[in-house]
Amino acid sequence: MNGTSGARALRVGVMGAGSIGCYVGGRLAAAGQADVTLVGRDRVVEELGRHGLTISDRTDRRTVPARDLTLSTDVASLADADVVLVCVKSGQTADVGAALDPVLRPDAVVLSLQNGVHNVDRLHAALGTRQVLGAVVDFNVVSRPAGAVHCGLPGPLTVARSGTTTGAAVVAALAAAGLEVTTTADIAAVQWAKLLVNLNNAISALSDVPTVELMTREGYRRVVAGLLAEGVAVLRAAGIRPGRVRRVPARLMLRVLRLPDPLARRLLAARLPTDAQARSSMWEDLVRGRPTEVDDLNGEIVRLAERTGTPAPLNRRIVDLVHAAEAAGPGSPGMAPGALWSALH
Ligand SMILES: NC(=O)c1ccc[n+]([C@@H]2O[C@H](COP(=O)([O-])OP(=O)(O)OC[C@H]3O[C@@H](n4cnc5c(N)ncnc54)[C@H](OP(=O)(O)O)[C@@H]3O)[C@@H](O)[C@H]2O)c1
């Protein structure tokens, strides 16, 4: 940490040292913007202790030595954190909130970097009066061997505006670490827009194809467009106005997805990962035999559809297909576009 003008370093804890936690925590540590504590599983802590933490994107690759990080498997190591970045999967949020509650300082600020629209409420329920802020990560990170994480699709990080000194300090630190940070007074709108983007994660998981291939093959795009069209209709019926999807209104994105191959490829080119092998974290979950976040993503559309009496058969079927794949054990079923289309209809 640089400790400019003798001021105490911002102490940032990462709860859930996986792809996002290691990438954001690693960027802060590498830029000397915070004293960073990473709380993760035994395997991850051991690996980081041995190799350090390597963060990379398309232009840069840096290793933060283990001595410049505090590595722990114990949430108690976050007791003096000013800010905690919650970076676990949505299904683990309630447990992590309960574990953090007896540990964190009353004035600690908690920032959820998770997908889905209910994690802030889950953390609020567990953490009482502490400030919990939502944030939307619109870039993609995958874990690689030997303590490395790679960002294959750059993009912004949008943080709920906080009004507290610590909230402002963490936003400033993230920006100084080179992340493209913006703040918003309406994080819910951004979370809903991101949820619409995330509806395609399940297709990535079930098809076993990288995101670039998914978006540049008409057969897969047709399925993605079907899920998105249902999502847009359900949100409208529920009176929810999502923000822009990757800076594009959802309806325009829908039109682009439905275009024939050459035109769609041209229009989507700038929004695709630079890493031809980049895939969704739901794919990673299936391959590693871990529970996915499908209930918080496509499942959210299904629940809203039920509440508003709007049809969402494709998202409902996708949830079932992902659960069947989870139950089948580690691996993706590798469904081709035709197989997916018939399974959905
Ligand atoms: N990866 C991306 O590109 C991306 C982009 C945008 C948003 N997000 C969102 O960010 C969140 C995190 O995603 P991710 O891809 O970073 O997930 P991830 O790689 O699975 O990282 C989460 C890590 O936290 C660990 N963990 C869970 N509970 C823990 C506990 N009590 N103590 C210690 N470690 C614990 C998990 O271990 P186990 O697996 O053993 O439980 C896992 O290693 C998700 O909501 C995701 O949707 C991800």
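Strands β9 and β10 (residues 148-153) run antiparallel and are joined by 5 bridges. The model described here is a predicted one. Within this pair, V142 faces H150 of β10, and V141 stands opposite C151, again in β10. The hairpin made by β9 and β10 has 3 residues between its strands, and A146 adopts a positive phi near 60° in this hairpin.

On its other pairing, β10 runs parallel to β3, to which 3 bridges join it. In that pairing I55 stands opposite V149 of β10. Of the 6 residues of β10, 6 are buried, so the strand is largely enclosed by the rest of the structure.

These strands belong to an open sheet of 4 strands with the order β4-β3-β10-β9 and mixed pairing. Its edges are formed by β4 (61-64) and β9 (140-144), each of which pairs on one side only. From one strand to the next, the twist of this sheet averages 20°. Helix α1 (residues 19-30) lies across β3 (53-56), β4, β9 and β10, and its direction is at about 90° to that of β3.

A further open sheet is built from 8 strands in the order β5-β2-β1-β6-β7-β8-β11-β12, and here too the pairing is mixed. The edge positions are taken by β5 (70-72) and β12 (181-184), with each pairing on one side only. The twist from one strand to the next averages 20° in this sheet. At the β5 end of the order, strand β2 (residues 35-39) pairs with β5 in the parallel sense over 3 bridges, and V39 stands opposite S72 of β5. Helix α4 (residues 119-127) lies across β6 (83-86), β7 (109-112) and β8 (131-137), running at about 160° to β8.

Packing between helices was examined for α10 and α11. Two packed helices are described by the angle between their axes and the distance between the axes. Helix α10 (residues 250-257) packs against helix α11 (residues 261-268) at an angle of about 140°, and their axes are 9 Å apart. The two helices are therefore oblique to each other. Their contact brings M253, V256 and L257 of α10 to A264, L267 and L268 of α11. By class, this contact has 6 nonpolar residues, no polar residues and no charged residues.

L199 lies in the loop between α6 (187-198) and α7 (201-207). With a relative accessible area of 1%, L199 is buried. Beyond its neighbours within four places in sequence, L199 is in contact with L227, L228, G231, L297, N298, I301 and N315. The C-alpha atom of L199 is separated by 21 Å from that of P260, which lies 61 residues away along the chain. A233, by contrast, is partly exposed, because its relative accessibility is 25%. This residue, A233, is located in helix α9 (residues 218-237). Between A233 and S207, which are 26 residues apart along the chain, the C-alpha separation is 25 Å.

Taken over the whole chain, the protein contains 15 helices and 12 strands. A compact globule of 345 residues would have a radius of gyration near 20 Å, and the protein agrees with this, because its own value is 20 Å. Along the principal axes, the C-alpha atoms fill a box of roughly 60 × 40 × 35 Å. Buried residues account for 55% of the 345 residues. Among contacts between residues at least 6 apart in sequence, 73% join residues at least 24 apart.

Terms used. Residues are numbered from 1 along each chain as its sequence is written. This is a predicted model: local features need pLDDT of at least 70, side-chain atom pairs count only at pLDDT 80 or more; totals for chains, interfaces and linings use all residues. Side-chain values use heavy atoms; hydrogens and water are left out. Axes are lines fitted to C-alpha atoms, for helices over the stretch in contact, and angles run from 0 to 180 degrees between N-to-C directions. Angles under 35 degrees count as roughly parallel, over 145 as roughly antiparallel, 65 to 115 as roughly perpendicular and the rest as oblique. Contact means heavy atoms within 4.5 Å. Ala, Val, Leu, Ile, Met, Phe, Trp, Tyr, Cys and Pro count as nonpolar, Asp, Glu, Lys and Arg as charged, and the others, Gly among them, as polar. Two strands pair if DSSP finds at least two bridges between them. The radius of gyration is taken over C-alpha atoms; the globule rule is 2.2 Å times the number of residues to the power 0.38. Buried means under 20% relative accessible area, exposed over 50%, partly exposed in between (1.4 Å probe, protein chains only).
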